[in-house]
Amino acid sequence: MEAPFIFGKIATDDNFTDREQETAHLVANFKSLINTILISPRRWGKSSLVNRAAELALKSDSRLKICLVDLFNVKSEEHFYQLLAEDVIKATSSRLEEAVGNTRKFISQLIPRITVGNEISGDISLGFDWEELKRTPDEVLDLAENIAAAKDLRIVVCIDEFQNVAEFEDPLYFQRRLRSHWQRHQKVSYCIYGSKRHMMTDIFTNPQMPFYKFGDLFFLEKIKTEYFAPFIAERFAATGKSIDHEACLEIISLADNHPYYVQQLAQISWLRATDGHCTTGIVRQSHETLVQQLSLLFVTITEGLTNQQLALLHAMSAGETAFTSAEVMKKYRISSSMSVSRSKKSLVEKDILDINAGTISFQDPIYAWWLRHCYFI
Ligand SMILES: Nc1ncnc2c1ncn2[C@@H]1O[C@H](COP(=O)(O)OP(=O)(O)OP(=O)(O)O)[C@@H](O)[C@H]1O
Ligand SMILES: [Mg+2]
């Protein structure tokens with residue numbers, strides 16, 4: 001029997017819970033072509049949410065097209081343009097001939113080489129002259145708008161993992177370029193999403209940055225217990241197994257409502273409930289298994305930290321909040337208040353900590369648990 005939980009992949013259908021308000025909000029933005037920026041730490045469900053909203057918006061409006069561009073692994077400006085062009089063509093062509101025709105018609109200056117992939121899905125890949133593309137990417141940046149105008153469509157271009165643009169050679173110049181084109185688009189809107197809250201927030205809320213006030217900005221929250229508890233119980237029931245209410249709450253609490261880890265811990269618990277019923281005891285054993293599975297990774301992460309960063313994590317693990325008080329600094333051997341802010345900054349950059357409205361927390365609840373119970377003992 002297949003386990004009823006999913007993690008590390010887009011959550012769809014029965015695997016998707018809650019997010020009703022956020023879904024409705026996104027669908028409304030898509031339909032009214034309002035630019036949207038969606039931010040959360042890793043694995044809280046951004047991609048799943050956008051995917052869900054895109055499906056619903058597409059169903060309700062036949063003139064609307066949604067183009068999903070995933071910048072995972074995209075490290076250069078040229079690669080970005082290539083992917084954008086391919087994905088826009090794919091999203092607006094229903095057949096292969098149409099995809100080839102659209103490419104020839106709407107990218108007529110750059111004249112990319114066209115390699116045909118899948119006949120049915122209209123998949124094609126485009127080969128550009130990199131130098132030329134970088135010099136004049138205008139045709140690609142305006143591609144969606146030009147196609148939408150010619151075919152009387154409206155297009156939402158969704159760009160996932162946008163934080164990766166920070167790795168481009170000149171991110172600021174690149175952002176200026178995008179913004180100067182995109183702000184003129186009438187029939188296209190953009191949904192930009194990614195993790196690295198700090199950096200994404202800076203891009204979209206700093207008045208010095210090109211994307212300042214580009215659109216409707218929202219921060220995705222974790223999933224609340226009131227949704228997750230019945231979700232877990234239903235997923236067990238769907239496979240003929242059962243779970244105690246207390247055990248559901250234990251899963252959610254040990255995973256700190258983190259969507260990915262709730263599903264992973266539920267999955268391990270489901271596998272362990274071999275007699276068909278899951279108890280709190282099984283959940284705790286499953287949590288131990290999960291911590292063990294990850295401990296090698298946690299050791300590697302921890303080995304890469306400086307003593308001062310570790311000192312701050314130690315203080316946090318012990319529940320301290322006044323890191324710059326003389327007492328805490330002495331107890332955990334933190335050298336200065338400067339050191340606290342330096343450590344915070346680099347731990348946020350390393351995706352270990354998250355700062356939200358001035359409150360600092362661990363991004364990974366299992367790592368936090370491991371530090372507290374296995375490392376700082
Ligand atoms: N609405 C949801 N209901 C239930 N589980 C969810 C939901 N959204 C996300 N999850 C869980 O979280 C996992 C990560 O989701 P997703 O990939 O959408 O997050 P993300 O924020 O895009 O992550 P990343 O930052 O790594 O790209 C999913 O595989 C699933 O286990
Ligand atoms: Mg994602």
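The exercises below work through a predicted model, each with a stepwise solution.

Residues count from 1 along each chain as its sequence is written, and chains are lettered from A and ligands numbered from 1 in the order in which they are written. In this predicted model, local features need pLDDT of at least 70 and side-chain atom pairs count only at pLDDT 80 or more, while totals for chains, interfaces and linings use all residues.

**Exercise 1. The ligand shell**

Task: Find which residues come nearest to ligand 1, and which domains supply its shell.

Solution. 
- Step 1. Apply the cut-off: a residue is near a molecule or strand if its C-beta atom, placed from the backbone, lies within 6 Å of it.
- Step 2. There are 24 residues around ligand 1, and G45, S47, S48, P259 and Q263 come nearest.
- Step 3. Sort the shell by class: nine residues are nonpolar, nine polar and six charged. Here Ala, Val, Leu, Ile, Met, Phe, Trp, Tyr, Cys and Pro count as nonpolar, Asp, Glu, Lys and Arg as charged, and the others, Gly among them, as polar.
- Step 4. Look for the helices. α2 (46-60) and α12 (259-272) each supply at least two residues of the shell. Helices (H or I, at least four residues) and strands (E, at least two) are DSSP runs, numbered from the N terminus.
- Step 5. Look for the domains. Domain 1 (19-219) and domain 2 (225-300) each give at least three shell residues. The bounds come from an automatic or database domain assignment.
- Step 6. The assignment also gives domain 3 (304-375). The centres of domain 1 and domain 2, taken over C-alpha atoms, are 36 Å apart.

**Exercise 2. Helix α12**

Task: Check the length of α12, then explain why it is largely enclosed.

Solution. 
- Step 1. Take the rule: the expected span is 1.5 Å times one less than the number of residues.
- Step 2. α12 has 14 residues, and it reaches 20 Å from its first C-alpha to its last, close to the 20 Å expected.
- Step 3. Apply the burial cut-offs. A residue is buried if 20 or more other C-beta atoms lie within 10 Å of its own, exposed if 12 or fewer, and partly exposed in between, with C-beta atoms placed from the backbone.
- Step 4. In α12, 10 of the 14 residues are buried, so the rest of the structure largely encloses this helix. Among them are Y261, L265, I268 and W270.
- Step 5. Name the neighbours. The buried residues of α12 pack against α10 (225-238), α11 (245-254), β9 (277-278), α13 (280-303) and α17 (365-375).

**Exercise 3. Strand β5 and its partners**

Solution. 
- Step 1. L68 has C158 in β5 as its bridge partner.
- Step 2. V156 is partnered by S189 in β6.

**Exercise 4. A hairpin**

Task: Describe the pairing of β10 and β11, and the residue with positive phi in their hairpin.

Solution. 
- Step 1. β10 (residues 353-356) and β11 (residues 359-362) are antiparallel and share four bridges.
- Step 2. F362 in β11 stands opposite L353.
- Step 3. Two residues lie between the strands, and A357 has a positive phi near 50 degrees.

**Exercise 5. Positive phi elsewhere**

Solution. 
- Step 1. Start with the background: most residues other than glycine have a negative phi.
- Step 2. D13 is not a glycine, yet its phi is positive, about 40 degrees. D13 sits in the segment before α1 (20-31).
- Step 3. K213 has a positive phi near 55 degrees. K213 belongs to the loop between α9 (197-205) and β7 (216-219).

**Exercise 6. Contacts of V328**

Task: Locate V328 and list what it touches.

Solution. 
- Step 1. V328 is part of helix α15 (residues 326-331).
- Step 2. V328 has 18 other C-beta atoms within 10 Å, so it is partly exposed.
- Step 3. Two residues are in contact if their C-beta atoms, placed from the backbone, lie within 7 Å. Leaving out residues up to four places away in sequence, V328 touches A315, E320, A322, F323 and I334.

Methods: Two strands pair if DSSP finds at least two bridges between them.
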